[in-house]
Amino acid sequence: MKGWNWEGFFEYLTNYYLFEGAMVTLGLTVFAISSGLVLGFFIALMRMSRHHFLSAPASFYIWIFRGTPLLVQLIIIYTGLPQLGIRFTVIQSTLLGLALCEAAYLAEIIRAGISAVPKGQVAAARAIGMTESQVMRYVIAPQAMRIIIPPLGNSVNSVLKTTSIASIISMEELLRRTQVLIQEKFLVLELFVVAAIYYLIMTTAWDLIQRRIERRFGKAYGPMSVGNH
């Protein structure tokens, strides 16, 4: 390939600086999904509440964070909030932005999963004396999980790539470190291809994990699901 530097390509394919960037990307993804799940769960419950003072703020939150780009959210958090006296570091801004944005998407996924559980089963569980926490743990959660897991897995895949947006505020994840090396070595195409390979490896690995998780939950709750529809 004319103009292609094979030596540089293979050198950076195993470059530890880029490998560390990929690990940062994985760490950001784990944090975004785990914190987004916790926050999203409570937002979903608020969204489903019969009380307007709970459902309205939750709906507004989801509307804002799903309706605006993560790029804009990160810039506001990192450069806008300091004008109000609220300052976050690059890492703090990235973690906060990813968690808040992901929570809005996961809240809707969780809400859809909970809403799909037949109301008759919930009513029957309450009729035999189950508490609300027991209903959630033994009746709603097991069935909702089968519905939640596929889109949740897709969210993980999406966040793995979305973390690259944090490079705009100089978060040193994979894409930012790629850009740093490009400025030093001027191997633009080679380094971007290396970065693409890293992302492809991570998303492919997760795809394999997601399939195993889906098969596991499908076997666990498949018969019960069939009987309910």
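This is a predicted model: local features need pLDDT of at least 70, side-chain atom pairs count only at pLDDT 80 or more; totals for chains, interfaces and linings use all residues.
Tutor: Residues are numbered from 1 along each chain as its sequence is written, and side-chain values use heavy atoms, with hydrogens and water left out.

Student: How many helices and strands does the protein have?

Tutor: The protein has 9 helices and 0 strands. Helices are DSSP runs (H or I) of at least four residues and strands are runs (E) of at least two, numbered from the N terminus. From that end, the elements run α-α-α-α-α-α-α-α-α.

Student: Why is Arg177 called buried?

Tutor: Buried means under 20% relative accessible area, exposed over 50%, and partly exposed in between (1.4 Å probe, protein chains only). Arg177 has a relative accessible area of 11%, so Arg177 is buried. Of the 229 residues of the protein, 39% count as buried.

Student: What makes Glu20 partly exposed?

Tutor: Glu20 has a relative accessible area of 32%, and therefore counts as partly exposed.

Student: How do you know that Arg177 forms a salt bridge with Glu20?

Tutor: A salt bridge is a side-chain nitrogen of Lys or Arg within 4 Å of a carboxyl oxygen of Asp or Glu. The closest N and O atoms of Arg177 and Glu20 are 3.1 Å apart, so the pair meets the definition. This pair links distant parts of the chain: Arg177 lies in helix H8 (residues 174–185) and Glu20 in helix H2 (residues 16–48), 157 residues apart. Glu20, Glu172 and Arg177 are linked in a network of salt bridges. The structure holds 6 salt bridges. Side chains of opposite charge can pair when their charged atoms come close.

Student: What makes Asp207 and Arg211 a salt bridge?

Tutor: Their N to O distance is 3.2 Å, so this pair also qualifies. Asp207 and Arg211 both lie in helix H9 (residues 188–228), 4 residues apart, about one turn of the helix. At 26% relative accessibility Asp207 counts as partly exposed, and Arg211 at 46% counts as partly exposed.

Student: Why is Phe186 called exposed?

Tutor: Phe186 has a relative accessible area of 66%, so Phe186 is exposed. Phe186 is found in the loop between H8 and H9. Its phi is near 60 degrees, a positive value in a residue other than glycine.

Student: What makes Ser170 partly exposed?

Tutor: Its relative accessibility is 38%, so Ser170 counts as partly exposed. Ser170 is found in the loop between helix H7 (132–162) and H8, and its phi is near 70 degrees, a positive value in a residue other than glycine.

Student: Which residues touch the most other members of the largest nonpolar core?

Tutor: A nonpolar core is a set of buried Ala, Val, Leu, Ile, Met, Phe, Trp, Tyr and Cys residues joined through side-chain atoms within 4.5 Å. Of the 51 residues in the largest one, Tyr12, Leu18, Ile43, Tyr61, Ile140 and Leu191 touch the most other members.
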